[in-house]
Amino acid sequence: MKIYRAKDYEGMSRKAADIVAARVILDPNCVLGLATGSTPVGMYKQLVRRYNEGELDFSFVKTVNLDEYVGLAQTHEQSYRYFMQKNLFDHINIDPKNTHVPDGISDPEEECIRYNRVLNGFRDIDIQVLGLGHNGHIGFNEPGDCFQKDTHIVNLQQSTIDANSRFFASRNDIPKRAITMGIRQIMQAKTILMLVSGEGKADIIKEAFLGPVTPRVPASVLQLHPNVILVGDKAALSKL
């Protein structure tokens, strides 16, 4: 595992964007696995800036997102499709047909089958971007008794629901289920790029990368991946 320790969030975002941009330049037809949440927003801003300055061309890039809430339409302001459009896709020259996010309002079981077909249609995911939940989840793979292999429906744990509450006007509006890429699919990516920021992630980073590999801490499985890049600020990496 490679670890890049940045001074702060901005430094973390720049380094992560460096890694993704290098892949896009070296392989204009690459497949990027993307994540949502507050952590990668700075990286996406950096990529948009570099596109506007003529450094990057996304016209042949393909993307697949980790997850989506069950029950939210693509136009809902808290859907992950909306997030990706707002923070990246609407600002670069990527072909909309090459961007893939699970559909939150389709039949969830059928959507899992469809999304597995989408993922199986790619030769590889070249870089899979990940954040890290406070309970160790990656994507929406919550702590449990086993590692789920493929795209599946998740009942979100209360800690995840609580963490998401700030984005919704009412607790009744917070989705309780999500569709997420499975652990096997994440682990098949050529490179894993995990982004972490803030002192609040220090304990779970230590548990995930220095503790035992266990589905009770889903991110711990990344210890078995041959090419993990961990990019974080000093606060998040303070216990490594």
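Trainee: Is D27 buried or exposed in this model?

Mentor: D27 is buried, with a relative accessible area of 17%, where buried means under 20%, exposed over 50% and partly exposed in between, using a 1.4 Å probe and protein chains only. Keep in mind that this is a predicted model, in which local features need pLDDT of at least 70 and side-chain atom pairs count only at pLDDT 80 or more, while totals for chains, interfaces and linings use all residues. Residues are numbered from 1 along each chain as its sequence is written, and side-chain values use heavy atoms, leaving out hydrogens and water.

Trainee: Which side chain does D27 meet in a salt bridge?

Mentor: The side chain of D27 meets that of R123 at 3.0 Å, N to O; a salt bridge here is a side-chain nitrogen of Lys or Arg within 4 Å of a carboxyl oxygen of Asp or Glu.

Trainee: And where do R123 and D27 lie?

Mentor: R123 is in the loop between α4 (108-120) and β6, and D27 is in the loop between α1 and β2 (31-34), so the pair ties together parts 96 residues apart in sequence. Helices (H or I, at least four residues) and strands (E, at least two) are DSSP runs, numbered from the N terminus. Salt bridges with shared partners also join D27, R123, D126 and K190 into one network.

Trainee: How many salt bridges are there in the whole structure?

Mentor: The search finds 10, and one of them joins D18 and R50 at 2.8 Å, N to O. D18 is partly exposed at 35% relative accessible area, whereas R50 is buried at 8%.

Trainee: Switching to rings, which residues do ring pairs link into a cluster?

Mentor: Ring pairs link Y69, Y80, F140 and F168; rings of Phe, Tyr and Trp (its six-membered ring) pair if their centres lie within 6.5 Å, and planes under 30 degrees apart count as stacked, over 60 as edge-to-face and the rest as tilted. Y69 and F168 are edge-to-face, with 6.1 Å between centres and 75° between planes, while Y80 and F140 are stacked, with 6.1 Å between centres and 15° between planes.

Trainee: What is the strand order in the open sheet of 3 strands?

Mentor: The order is β4-β8-β7, with antiparallel pairing, and two strands pair if DSSP finds at least two bridges between them. Strands β4 (67-69) and β7 (152-155) stand at the edges, each with a single partner strand, so one side of each has no neighbour in the sheet. Between β4 and β8 (residues 177-180) there are 3 bridges, and D67 stands opposite T180 in β8.
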